[in-house]
Amino acid sequence: VSSRDFHPNDSIIKTNHSIIGGNHFIFMAGPDSIESAEHVLEMGRQVKAAGATILRGGAFKPRTSPYSFQGNGEVGLKAHRAAADELGMDMITEILDTRDVDLVDSYTDIFQVGTRNMQNFALLKALGQKRKPVVLKRGMSATIDDLLNAAEYIAAGGNTQIMLMERGIRTYDNKYTRNTIDVSAIPVLQSLTHYPVIADASHAAGVAKFVTPLALAATAAGSQGLMTEIHDDPEHAFVDGAQALTPEAFSQLADKVRKIHDIV
Ligand code: PEP
């Protein structure tokens, strides 16, 4: 189902405020985690002004340490939904657990499956039963075929509103960046599948100063959108402040990205 052999044209996914795929370019941006209702609303306002139509933010956070902040759960989902509605944006949030599928479904416009859950087949099957877009992030150690097979788990259930996300993979040198963005995966995936392919330079970089160059490279390689983390006070962000761009830096990134997208 996912192969371009069966679907030669690019899939286009339409949400209330966004058109994703084909020649359209989409910005998904927002804080790593939903910290408070006021904060997500203000961050949403700023990324919308820079051109984002999809507001990101995690209410369930997959943290490396069990002692780190795990997210605000349903309180976060509510705040995120309210901000997206007030601003006229789509909401995307990560789903970690099959038990939360209906809960998250009742708030979000787009499900996000994170790198750590790319091969959580029970979760993928559950999302296959929904008729709502899913962003499937590439596992940090997954091959391209692993990613395509994971997407097929969702599609096999009848949900083909899938976006694939390159967010960096583990390589032999991840000392200076968190992961290595696999720029080549973008055109390769587009040649193999009809789904939109989007890049997340924030998690690939892990460091704010490298986010813009990686985002530009991904755009030049044909990415059909970007996911970017922003924070107005990165040092005090609840999660991953080191990779957060300020809203102003995001606005500058978006201007540059639009220029590159116009020529590719
Ligand atoms: C995220 O986008 O919040 C996230 C945790 O990303 P990843 O799954 O790519 O690490």
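Predicted model: local features only at pLDDT ≥ 70, side-chain atom pairs only at ≥ 80, totals over all residues.

**Entry 1: a strand pairing to begin with**

I started with Phe-111, whose bridge partner in E7 is Val-134. That pair belongs to a parallel arrangement, with three bridges joining E6 to strand E7 (residues 134-137). I then looked at what else E6 pairs with, and found strand E5 (residues 90-94), which runs parallel to E6 and is joined to it by three bridges. Phe-111 turns up here as well, as the bridge partner of Thr-93.

Next I checked which way the residues of E6 point. Ile-110 and Gln-112 go one way from the strand (residues 110-113), Phe-111 and Val-113 go the other way, and all are buried. I noted the general rule beside it: in a regular strand the side chains alternate between the two faces of the sheet.

The mean pLDDT of the chain is 98, and 100% of its residues reach 70 or more. For the overall scores I wrote down ipTM 0.99 and pTM 0.98.

**Entry 2: strand E10**

Is E10 enclosed or open to the outside? I went through the strand (residues 225-229) and found five of its five residues buried, so E10 is largely enclosed by the rest of the structure. The cover is on both faces: Gly-225, Met-227 and Glu-229 are buried on one side, Leu-226 and Thr-228 on the other.

Which strands pair with E10? One is strand E3 (residues 26-30), parallel to E10 over five bridges. Met-28 has Met-227 as its bridge partner in E10. Another is strand E9 (residues 197-200), also parallel, with two bridges to E10. There I found Ala-199 opposite Leu-226.

**Entry 3: around the ligand**

I listed the residues around the ligand: Asp-32, Gly-58, Pro-62, Glu-94, Gly-114, Thr-115, Lys-137, Arg-167, Asp-200 and His-203. How many of that shell are charged? I got five charged, along with four polar and one nonpolar.

**Entry 4: the nonpolar core**

Which residues of the largest nonpolar core touch the most other members? Out of 74 residues, the answer is Leu-136, Leu-164 and Ala-201. Helix H5 (residues 144-156) gives the most to this core, with six residues.

Setting aside neighbours within four places in sequence, Leu-136 is in contact with Val-113, Met-118, Ala-150, Ala-151, Ile-154, Ile-162, Leu-164 and Met-165.

**Entry 5: Ile-13**

Ile-13 sits in strand E1 (residues 13-14). Why is Ile-13 called buried? I counted 22 C-beta neighbours inside 10 Å, and the cut-off for buried is 20 or more, so Ile-13 qualifies. Beyond four places in sequence, Ile-13 touches Ile-20, Gly-21, Pro-133, Gln-161, Met-163 and Pro-196. I also checked Lys-132: 119 residues apart from Ile-13 in sequence, 9.7 Å apart in space, C-alpha to C-alpha.

Asp-240 is in the loop between E10 and helix H9 (247-263). Its phi is positive, about 55°, although Asp-240 is not a glycine. I wrote down the background too: most residues other than glycine have a negative phi. Asp-240 has 20 C-beta neighbours inside 10 Å, so it counts as buried.

Asn-23 is in the loop between strand E2 (19-20) and E3. Buried or exposed? I found 10 C-beta neighbours inside 10 Å for Asn-23, so it counts as exposed. Asp-10 lies 13 residues from Asn-23 along the chain, and their C-alpha atoms are separated by 9.1 Å.

Gly-51 is in the loop between helix H1 (37-49) and strand E4 (54-56). With 16 C-beta neighbours inside 10 Å, Gly-51 counts as partly exposed. Leaving out residues up to four places away in sequence, Gly-51 touches Phe-27 and Ala-254.

Terms used
Residues numbered from 1 in each chain as written. Near = placed C-beta within 6 Å. Nonpolar A, V, L, I, M, F, W, Y, C, P; charged D, E, K, R; others polar. Buried ≥ 20, exposed ≤ 12 C-beta atoms within 10 Å, placed from the backbone. Helix = DSSP H or I, 4+ residues; strand = E, 2+ residues; numbered from the N terminus. Pairing = 2+ DSSP bridges. Contact = placed C-beta atoms within 7 Å. Core = buried A, V, L, I, M, F, W, Y, C linked by C-beta atoms within 7 Å. pLDDT = per-residue confidence, 0-100.
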